[in-house]
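User: I am new to reading protein models, and I would like to go through one step by step. Could we take a few features in turn, with the general idea before each case?

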Amino acid sequence: MTATEREPIAVIGTGYVGLVTAAGFAELGNEVWCIDIDEAKIDGLSEGRIPIWEPGLEDLVLKHRDRLHFSTDVADALEHARLLFVAVGTPPTYSGDADLTAVMSVVASMPASDRHALVMKSTVPAGTGDTIKRLFREQGKEDFKYVSCPEFLKEGSAIADFLHPDRVVIGDDDDWAGDAVQALYAPLGAPILRMDIRSAEMVKLASNAFLATKISFINEIANVCEETGADVTEVARGMGLDERIGPKFLQAGIGFGGSCFPKDVTALKQLAGNSGYHFQLLNAVIEVNELQKRRVIAKLHKHLGTLVGKEIALLGLAFKPNTDDMREASSLVLSARLSSEGATVRAYDPVAEEEARKLIPNVEFAPSALDAVDGADAVVLVTEWREFADLDLAEVAERMRGSLLIDGRNFYDPEAVRDSGLTYEGIGRSTEDKTVAPAAIIDTDDKVVSAITSDAGIHTRGR
Ligand SMILES: NC(=O)c1ccc[n+]([C@@H]2O[C@H](COP(=O)([O-])OP(=O)(O)OC[C@H]3O[C@@H](n4cnc5c(N)ncnc54)[C@H](O)[C@@H]3O)[C@@H](O)[C@H]2O)c1
C-alpha cells in the first residue's frame, strides 16, 4: 500500500503513547489528527515543541509536520478519521484500580455513528471494552465499533518499538474496525494476533506483570547472593542463556518504577481481587519491589552509620535511562528516605531535572555528575545513563569527602571502581575486594557446559 492510499486516523491523548503512535503512523504515511485536552500541549506541538524527551521523537514529529494535525477539538478527529486511537492516561486510584475517568470522558464525547471505531491503546482492565460497548448500546450508539489494541512500547526506545514491534495484538468483534487496524499495522511485518477483546486487554496486563515478576525475582536472588557470597550478575548470565528463561529483565537493581509496571501490576492484582481471586504472586512482586528501593538505605547505614548530616549524591533520577519520565522512579523513594534520615541530597540527571524538580523537594540539583559528587560522603548510581560509563572515577574519588559508591544498577565493573580508590557496593555482588574470574561457557558437541566461578575455584557442571 502506498502512503497516499493509507487512511487518515486520529489519536486522542498526545502523551508518550499518543505522540509516538501519531508520529509512527505518520512515518507509515498516514495523516494523523492528534487531540488533547491540554491546550498548552497542543499549542506547543502545533509550533513544533515536543513536551517529552524521547529519543528520535522530535525528529519524527518535525519530519512529518505536514501529516500531523493538532487540535483540542475531538470533532476534528471525527470529521477526518474513522479510527480513533485512545491513548489517555489510566493512573492508579487510591484503591489500586485503574482510573478510567479520562477513558470514559473520551467515550462520552463520541456521537452515534456507524462509521467510527474507538481503538483502545490505553492500558485498561480486562472487561473495559465490554463495559464501553454496553454504554454505547444503552446510549443508542451500538454501531460505534470498539477495538482493543494494547501498546507495548518502552520509553527510551519507543519509536523503534513502534516501527519494529514484537507483535501487534488486536482484540475485536471480527468486524471492519479490526480489519482496518490490522491493515494499518500490516506494513510493519510483525506478527498480528487477532483475538477477543477481553483476551487482548489481558495480554497487556499479563505481559507487564510477568516482566515485573522477573525483575522482583532476580532482585530476590540478588539479596540471597549477598547472603551467600555469589554474584548475581554471573548468576543472571548463567540463567539467561537458558532459552526458556532468556537474558532480558534479569538485571538486579534497586527496583522497577515508571508509569506502567507499578500501576499495571497493582491494577491486575486489584482486578483479580475484585473478581474474588487472590493473586498471591503479585502481592510478593509488589512488596519485594518496595523493599528493594529501600535496601540502599541499609547499605548506606552499613558503611556510614547514621545518615544525619551526611551528604549523599544521586546519579540519575529518571525511572530508567533515555527518558525524562519520573513517574514512580526509585529516586523518589530514595531521596525521601534520605531526607527523613537527616542526610543532604544532591542529584544530577542529564534530562529529568525539570520533571524531578516538580516531584522532589529538599534536593539540591547539580549541573553535572562531578558537581553532584563534590564533598559527598557517598554516591548512589540510581539510573544507568550511558554518560555515567565515561565518568572519571578517580576524579570522583578525589572530589568526594567519603569513598563509598553504591551501584544501584550493577552498572560499573567493581574492580575498576576499587582501582579508583572508591569502596564498591553493588546489588547482589560480593563486597570483597577480589578478582573474580569470568564465568566461561564451553560448547561440547550439542551440550552446553557452564563454568561457574566461586570462591573455591571453577566448577563445571553439565546441563
Ligand atoms: N508510557 C508508556 O510507556 C506506556 C506504554 C504502554 C502503554 N501505556 C498506557 O498508555 C496510556 C497513556 O499513557 P502515557 O504514558 O502516554 O500517558 P500521558 O500521561 O503521557 O499522556 C496522556 C495524555 O492524555 C491527555 N488526556 C487526558 N484526558 C484526555 C481527554 N479526555 N481527551 C484528550 N486527551 C486527554 C493528557 O492531557 C495527556 O497528554 C496509559 O493507559 C498507559 O498505561 C503507556
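User: In which helix is the place of Val 265?

Analyst: Before the answer, a word on what is shown: this is a predicted model, in which local features need pLDDT of at least 70 and side-chain atom pairs count only at pLDDT 80 or more, while totals for chains, interfaces and linings use all residues. Residues are numbered from 1 along each chain as its sequence is written, and side-chain values use heavy atoms, with hydrogens and water left out. Helices (H or I, at least four residues) and strands (E, at least two) are DSSP runs, numbered from the N terminus. In this numbering, Val 265 belongs to helix H11, which covers residues 261-274.

User: Is Val 265 buried or exposed?

Analyst: A residue is called buried under 20% relative accessible area, exposed over 50%, and partly exposed in between, using a 1.4 Å probe and protein chains only. Val 265 has a relative accessible area of 1%, so it counts as buried.

User: Which residues is Val 265 in contact with, leaving aside its neighbours within four places in sequence?

Analyst: Contact means heavy atoms within 4.5 Å. By that rule Val 265 is in contact with Asn 208, Ala 209, Ala 212, Cys 260, Leu 282, Val 285 and Ile 286. For Asn 208, the C-alpha atom lies 6.9 Å from that of Val 265, although 57 residues separate the two in sequence.

User: Where is Leu 211 found, and what does it touch beyond four places in sequence?

Analyst: Leu 211 sits in helix H9, residues 197-228, and its relative accessibility of 24% makes it partly exposed. Leaving aside the neighbours within four places, Leu 211 is in contact with Phe 249 and Phe 261.

User: Where is Thr 123, and is it buried or exposed?

Analyst: Thr 123 is in the loop between strand S5 (117-120) and helix H6 (128-138), and with a relative accessible area of 12% it is buried. Not counting residues up to four places away in sequence, Thr 123 touches Thr 90, Lys 204, Leu 205, Lys 263 and Asp 264.

User: How many helices and strands does the chain have, and how compact is it?

Analyst: The chain comes to 17 helices and 17 strands. Its radius of gyration (taken over C-alpha atoms) can be set against a globule rule, 2.2 Å times the number of residues to the power 0.38. The value is 24 Å, close to the 23 Å that the rule gives for 463 residues, so the chain is as compact as a globular protein of that length. Of these 463 residues, 51% count as buried.

User: What is the mean pLDDT of the chain, and where is the pLDDT below 50?

Analyst: pLDDT is the predictor's confidence in each residue, from 0 to 100. The mean for the chain is 92, and 92% of the residues reach 70 or more. Over residues 435-463, however, the pLDDT is below 50, and this stretch has 38 contacts in the model beyond near neighbours in sequence. Where pLDDT is low, the predicted coordinates should not be read in detail.
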